[in-house]
Amino acid sequence: VKCVVCDAPARAFVKAIKLCSGYYGCDHCTQKGVWVAGRVTYQELGAPRRSDESFRNRKQPEHHQGETPFLMTGLDMITNFPVDYMHQVCLGVMKKLLLLWLRGDRTIRLSAGQAARISSRLKILARSIPSVFARKPRGLEDVDRWKATEFRQFLMYTGCVALKDILRDDLFDHFLCLSSAICILVNPDLQCHYSYAGQLLDYFVQRGVELYGREFIVYNVHSLTHLSEQARQSGCLDNSSAFHFESFLGRLKKLVSTGKNPLAQVVNRLDNVLLSNLTVNRYKVSPKPPNNAFIVDGLCCVVLSQCRDDHFMCRIYGSSTKIFQRPCDSRTVGKYACDIAESEVKTYNLDKLYTSRQAIMLSRGNKIIFLTLMHAG
């Protein structure tokens, strides 16, 4: 067992600890919450960390609710119960930001016209989203019905394009800190920047107090301060996220044909259907957009045509510029702007494209923007 993946309430249940809404609800540090504007918030940074030993010895008795069977296992009660970024970042912090911009205080709230412009941009972007994404972008009028993958898509990819020059500059820069940090932490190729991602998240939390008030630092926002250390211990955030399990539920549901004895139906069909096909499907490579953009050896690449067997003619953009420079060069987190006139044609085989990263390609005047897919599957 590598880790136990839960959302915050389930993690509190299986560890027999206080809920995240409690004063001693953080399961990674010993900070006591503060009641602000009708909710428990966590105002400090750098509170003492919990350890497996301190948990088992109940060094902070207010944190515990009872005995958990996991104490009888060899699991580390802290590091083997990681923060799930699907629930706490995508469905938690990203959704919170969007709702603040749409329905929050009038000093930060978007006007109806601004919200409509963002929605219009998202709908235009839908035609550029490759098939590896399960869902296309929807407008902000549907934000209450967005799924976790849509919040992740907005946070890591489309948000920096849809919000630019519409959202207030200080709020936009604050959002980019979160976006850049998560892009770094979900990509195992960027481990050398994990410490920097931690600094960005600490700044995001501190700056959030100034922009949104002390009530902004609820449990989900506070948990951001623990993500970089978690990534250094267990690898990228996708190694311990619930996205894989949530996606697999769809395959399980297809095994149920009637409402009678659904569990028995799943068990009876597992051997025949699932066990023979548990590998992750490779993404689609096509000379037709939106599945023809890749980042190959750090260069932006567009597949033009299949010339023979598994070889493809590709247009390579040798030089690129940054889309934004705060909080870091956008190219560090896989976001490039290329000049249409500066390119050459090369041949790549299919395996070369499969071992590269797919990208979202957008046209903006005489520039082409590439947004590298940072997450796994």
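Which residue lies over the face of Y23, and at what distance from the ring centre? It is K32, at 5.9 Å. This contact belongs to a predicted model, which the points below describe by topic. The model includes an open sheet of eight strands and a largest nonpolar core of 75 residues.

**Nonpolar cores**

- The largest nonpolar core has 75 residues, and W101, F154, I182 and L224 have the most contacts inside it.
- At least two residues of this core come from each of α3, α4 (112-125), α5 (148-162), α6 (169-186), α7 (194-212), α9 (227-234), β9 (357-364) and β10 (367-372).
- Helix α6 gives the most to this core, contributing twelve residues.
- Beyond its neighbours within four places in sequence, L224 is in contact with V89, V93, L178, L201, F204 and V205.
- Another core, of twelve residues, lies apart from the largest one; Y283, C301, V303 and F312 are among its members.

**The sheet**

- The eight strands of the open sheet follow the order β6-β7-β10-β9-β3-β4-β5-β8, with antiparallel pairing.
- Strands β6 (321-322) and β8 (344-349) form the edges, since each pairs on one side only.
- Strands β3 (residues 293-296) and β4 (residues 299-308) run antiparallel and are joined by four bridges.

**Aromatic rings and charges**

- The count of aromatic pairs comes to eleven.
- W101, W146, F151, F154 and F175 are linked into a cluster by ring pairs. Two of these residues, W101 and F154, are also named among those with the most contacts inside the largest nonpolar core.
- R152 places its charged end over the ring of F243, 3.9 Å from the centre of that ring.

**Backbone features**

- The peptide bond from P289 to P290 is cis, with omega near 10 degrees. P290 is found in the loop between α11 (262-274) and β3.
- A cis peptide bond also runs from R326 to P327, with omega near 5 degrees. The loop between β6 and β7 holds P327.
- A37 is not a glycine, yet it has a positive phi of about 50 degrees. The loop that contains A37 lies between β1 (34-36) and β2 (39-41). A37 counts as exposed because its relative accessibility is 57%, above the 50% cut-off.
- R58 is likewise a residue other than glycine with a positive phi, near 55 degrees. This residue lies in the loop between α2 and α3. With 31% relative accessibility, R58 counts as partly exposed.

**Individual residues**

- Q60 is found in the loop between α2 (52-56) and α3 (85-103). Its relative accessibility is 12%, so Q60 counts as buried.
- Not counting residues up to four places away in sequence, Q60 touches Y24, T30 and R50.
- F245 has its place in helix α10 (residues 243-253) and is exposed, with a relative accessible area of 52%.
- In sequence, F245 and V5 are 240 residues apart, while in space the distance from C-alpha to C-alpha is 9.1 Å.

Note on methods. Residues are numbered from 1 along each chain as its sequence is written. This is a predicted model: local features need pLDDT of at least 70, side-chain atom pairs count only at pLDDT 80 or more; totals for chains, interfaces and linings use all residues. Side-chain values use heavy atoms; hydrogens and water are left out. Buried means under 20% relative accessible area, exposed over 50%, partly exposed in between (1.4 Å probe, protein chains only). Contact means heavy atoms within 4.5 Å. A nonpolar core is a set of buried Ala, Val, Leu, Ile, Met, Phe, Trp, Tyr and Cys residues joined through side-chain atoms within 4.5 Å. Two strands pair if DSSP finds at least two bridges between them. Rings of Phe, Tyr and Trp (its six-membered ring) pair if their centres lie within 6.5 Å; planes under 30 degrees apart count as stacked, over 60 as edge-to-face and the rest as tilted. A charge sits over a ring if NZ of Lys or CZ of Arg is within 6 Å of the ring centre and within 35 degrees of the ring normal.
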